Amino acid sequence: MTSAPVTAATPPLLRRVNAGKLLGVLSTAGVMTGTGLIQATGLTRATVHAVCNDLIGMGWVIELDPGRDDTAVGRPSRRFEFNSRAGYVLGIDIGAGRTTVLVADLRGVTLARASRSLSAVKTPAERTALVTEAVVEALAVADVSDSQVLAAGVGVAAPVDRAGNILVDDEFWRRFDTDLGQRLTSLHGWPVLLENDANLAVLGEHWRGQGQGIDDLAVLLAGERFGSGLMDSGRLLHGSRGGAGEMLYLKLVEGVGDTHGIARIARDQATAILADPTIETSLRALAHPSAGTVGAVTAEQVFAAAAAGDEVALGILRSLAARTARVVATLGILVNPELVVIGGAVAEAAGQLLPDIEEQLSGYTSTPPRVAVSSLGDAIVSVGAVRHALNYVEQHALDLELTRSG
C-alpha cells in the first residue's frame, strides 16, 4: 500500500511558524512579558516560553531582568526584548542612473546610506563595481562587516519573477546584468534578493510611507518612466512571470501613448517650447544651451517656475496632470486600489499636480482611488528593499547565524 503524502504540520515546521510569530511581534514592540506574547500570538504559555528559550539561545532575543513588583503575587514575569543588533540588512536601489545603499538593523532603523552615479556605466561589471563601492562605504559608516549582513534586498528597473529572476524578454531589460545577484553574493557572501523596483516601492510605502494601514495599494514610480507596484489585500502582486504592474500598455492608452514619466515629459515639453523664440517665459533664463542646441531645462526648474506663477510652466503642469490622471485612472479601473501613491525623485514636486489629477479622475472611473505623493522621496525603493530583506530574515530566522551582539 502506498503511503499518503504528509500534509500535517511537522514539529520543525510548527517551530518555525511559532518562532516567526514571536519574532514578528517582538521586532515591532519594545520589552514584552511572556503574558503579553501569549496575548499577542495566541500561543500557549508553554509554547511561548519554549520558543523564547530557543530564540534566546540563538541570539534573536534577549531576556531582561524580570524586576519585582511588591504588589504582585507569585514569581515575577519573564521579560523579553528583540535583539535588533544581532545582524543587519541592506536595501539597495539600482536605478538606471544611480544606486543607493541603506544599512539597517533588524528593526529597520537606517544606520548609514551611500550612493553612486551609474550614468557612465557601459558594462555589467562596471555597474557591479560601483554598487560594491557604495556598499563598502555604507558598511564602513555603519561599522558593520559583510559577515554581519544577513540579507540584501536589491531593486532593479526590470520585471522579476517570484523566484528573483530578472526577465529579459523586452529589449529594454537586456541592458541589465541578469547575474547581478550571483555577482554580489560571490563578492560579499550574503544572500541577494532581487525584486522589481516598483514592487519594492509599494512594500516601502506600505511599511513606512503614506500606505501604512492600507492593504489595497498602488505605487506609481513616475520619474523618467512610469512603473507601478501593486498590493491587493496586503499581498504583493507579481503575476505569472513578474509582469504585474508593468506599464507598456500605456502605449495603447489615448492621451498617454508611451511610458515616459513626469520628469521626462516636463523636460521635453519645456525644451520644445523654448525652441520657439517668440514665447516669453522665465524658463528661458534658466536654460543652459550646449553648442548648436536649444537650452535644456530640468523638471525641477519647470515645477519651480510654475510655483512662481510662470504661465508657460503652469501650462506644462496642467498637461502633466491630465496625462497622469489617465495613468492613475487605468490603475483604478484595472486593480481598484484604495490609494495610489506617486513616488520617486519627482514625488515632492508632483504634489502640485494633485488637485488637477483628483478633479479629472471622477470623469474616468466611478470608483476613483485617493491619490497622494510619497513622503519617502528618492529612498522609496531602498526602503522597500530593506523591508524585503527583513521579510526574508524573519522567514528564515532559525537558519541564520547571528552576530550575538547585545
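1. Arg113 is partly exposed, its relative accessible area being 39%; here buried means under 20% relative accessible area, exposed over 50%, and partly exposed in between, with a 1.4 Å probe and protein chains only. The model is a predicted one, in which local features need pLDDT of at least 70, side-chain atom pairs count only at pLDDT 80 or more, and totals for chains, interfaces and linings use all residues. Residues are numbered from 1 along each chain as its sequence is written, and side-chain values use heavy atoms, with hydrogens and water left out.

2. Arg113 is joined to Asp378 by a salt bridge, with 3.4 Å between the closest N and O atoms. Arg113 belongs to strand β6 (residues 110–117), whereas Asp378 sits in the loop between β13 (370–373) and α13 (380–395), so the pair ties together parts that are 265 residues apart in sequence. Asp378 is likewise partly exposed, at 46% relative accessibility. A salt bridge is a side-chain nitrogen of Lys or Arg within 4 Å of a carboxyl oxygen of Asp or Glu, and the count by this rule is 12 salt bridges. Helices (H or I, at least four residues) and strands (E, at least two) are DSSP runs numbered from the N terminus.

3. Another salt bridge joins Asp258 and Arg323, at 2.3 Å from N to O. Asp258 is in the loop between β11 (235–236) and α7 (262–274) and Arg323 in helix α10 (residues 311–335), so that distant parts of the chain, 65 residues apart, are linked. Arg323 is buried, with a relative accessible area of 8%.

4. Arg387 and Glu394 also form a salt bridge (3.2 Å, N to O). Arg387 is buried at 14% relative accessibility, whereas Glu394 is partly exposed at 29%. A network of salt bridges links Arg116, Glu133 and Glu137.

5. Helix α10 also meets helix α12 (residues 354–361): their axes come within 8 Å and cross at roughly 50°. Axes are lines fitted to C-alpha atoms, for helices over the stretch in contact, and angles run from 0 to 180 degrees between N-to-C directions. This makes α10 oblique to α12; angles under 35 degrees count as roughly parallel, over 145 as roughly antiparallel, 65 to 115 as roughly perpendicular and the rest as oblique.

6. Which residues of α12 make the contact with α10? They are Asp356, Ile357, Gln360 and Leu361, while α10 contributes Arg318, Ala321, Ala322, Thr324, Ala325, Val328 and Ala329; contact means heavy atoms within 4.5 Å.
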